[in-house]
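Reader: I'd like to walk through this model with you, one feature at a time. Could you give me the general idea first and then the case at hand?

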Amino acid sequence: MLEIKKKLIGKEEQVYSIHYSCSGFYSGNTIAPMICCISLVNLHSHQTHTFALDTYIKQGKCLIDSEKQLLNDFSSFFKTLNNPIFITWNMNGIAYGFPAIYAACENYGIDDLNFSWLDTIDLSKEFRFSLKESLKSNDCISQMFLAGTEEVDCFKKRAFNLVKFST
């Protein structure tokens with residue numbers, strides 16, 4: 001953890017915690033699982049940026065148009081960030097994380113996002129527990145928290161608002 005703290009010194013304003021939820025896990029196929037919500041919190045200002053299907057569906061958009069708008073809005077926001085450091089939980093694998101978000105963007109022709117330069121800190125490498133157990137042990141768990149498989153189940157039930165609150 002000391003190494004992480006050293007990495008963040010002087011860059012506090014550019015540090016974001018990021019989490020996302022989707023309809024399933026990406027297997028490298030042509031069509032990626034649908035993104036339900038992407039949420040980022042600036043750890044310095046505590047400002048939250050959430051891009052959620054629920055928001056766009058409430059505006060009267062269909063599911064497909066909602067995901068496309070979510071990804072376009074996320075892409076636009078992402079491009080405004082200046083050398084951010086992302087605090088993640090296991091988002092570097094093909095099944096879940098930045099590769100899956102990129103693949104979902106590609107579904108809609110959004111191919112100008114570049115995640116290859118990302119500076120990330122993967123907390124799953126620091127804690128030897130599940131995300132839920134780690135949050136509980138640090139008094140950070142919310143009653144709205146859903147495990148990944150629970151988020152997928154809620155997505156299938158079209159309970160997009162529950163997924164958004166969990167994310």
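This is a predicted model: local features need pLDDT of at least 70, side-chain atom pairs count only at pLDDT 80 or more; totals for chains, interfaces and linings use all residues.

Reader: How many helices and strands does the chain have, and what pattern does the chain follow along the sequence?

Author: There are 7 helices and 5 strands. Read along the sequence, they come as α-β-β-β-α-α-β-α-β-α-α-α. Of the contacts between residues at least 6 apart in sequence, 63% join residues at least 24 apart. Buried residues account for 44% of the 167 residues. The accessible surface is about 9,200 Å², and carbon and sulfur atoms hold 51% of that.

Reader: Let's go inside, then. Which residues touch the most other members of the largest nonpolar core?

Author: A nonpolar core is a set of buried residues of the nonpolar kinds, joined through side-chain atoms within 4.5 Å. In this chain the largest one has 34 residues, and Ile38 and Phe74 touch the most other members. Strands E1 (15-22) and E2 (35-42) each supply at least two residues, as do helices H2 (53-58), H3 (63-80) and H4 (98-107). H4 gives the most, with 6 residues. Apart from this core lies another, of 5 residues, including Val15, Ile85, Ile87 and Ile121.

Reader: With which residues is Ile38 in contact, leaving aside neighbours within four places in sequence?

Author: Ile38 is in contact with Ile18, His19, Tyr20, His49, Thr50, Phe51, Leu70, Leu71, Phe74 and Ile101. Phe74, you'll recall, is named together with Ile38 for touching the most other core members.

Reader: Which residues of H4 are buried, and what do they pack against?

Author: Phe98, Ala100, Ile101, Ala103, Ala104 and Cys105 are buried in H4. These buried residues pack against E1, E2, H3, strand E4 (85-88) and E5. Cys105 has a relative accessibility of 0%.

Reader: And how should I read charged residues? Which ones form salt bridges?

Author: The general idea is that side chains of opposite charge can pair when their charged atoms come close. This structure holds 2 salt bridges. In one, Lys58 pairs with Asp54, with the closest N and O atoms 3.2 Å apart. Lys58 and Asp54 are 4 residues apart in helix H2, so about one helical turn separates them. Lys58 is exposed at 63% relative accessibility, whereas Asp54 is buried at 9%.

Reader: What about the salt bridge of Asp112?

Author: Asp112 pairs with Lys79, and their closest N and O atoms are 2.3 Å apart. Asp112 sits in the loop between H4 and strand E5 (119-122) while Lys79 belongs to helix H3, so the pair ties together parts 33 residues apart in sequence. Asp112 is partly exposed at 47% relative accessibility, and Lys79 is partly exposed at 46%.

Reader: How many disulfides does the structure hold?

Author: A disulfide needs two cysteine sulfur atoms within 2.5 Å. The structure holds 0 disulfides. For Cys36, the nearest cysteine sulfur is that of Cys37, 6.4 Å away. Cys36 is buried, with a relative accessible area of 1%.

Reader: Last topic: backbone angles. Which residues have a positive phi?

Author: Most residues other than glycine have a negative phi. His46 is not a glycine, yet has a positive phi of about 70°; His46 lies in the loop between E2 and strand E3 (48-52). Asn83, also not a glycine, has a positive phi near 50° and is found in the loop between H3 and E4. His46 is exposed, at 58% relative accessibility, and Asn83 is exposed with a relative accessible area of 58%.

Definitions and conventions
Residues are numbered from 1 along each chain as its sequence is written. Side-chain values use heavy atoms; hydrogens and water are left out. Buried means under 20% relative accessible area, exposed over 50%, partly exposed in between (1.4 Å probe, protein chains only). Contact means heavy atoms within 4.5 Å. Accessible areas come from the Shrake-Rupley method with a 1.4 Å probe; for residues, only the protein chains shown count as cover. A salt bridge is a side-chain nitrogen of Lys or Arg within 4 Å of a carboxyl oxygen of Asp or Glu.
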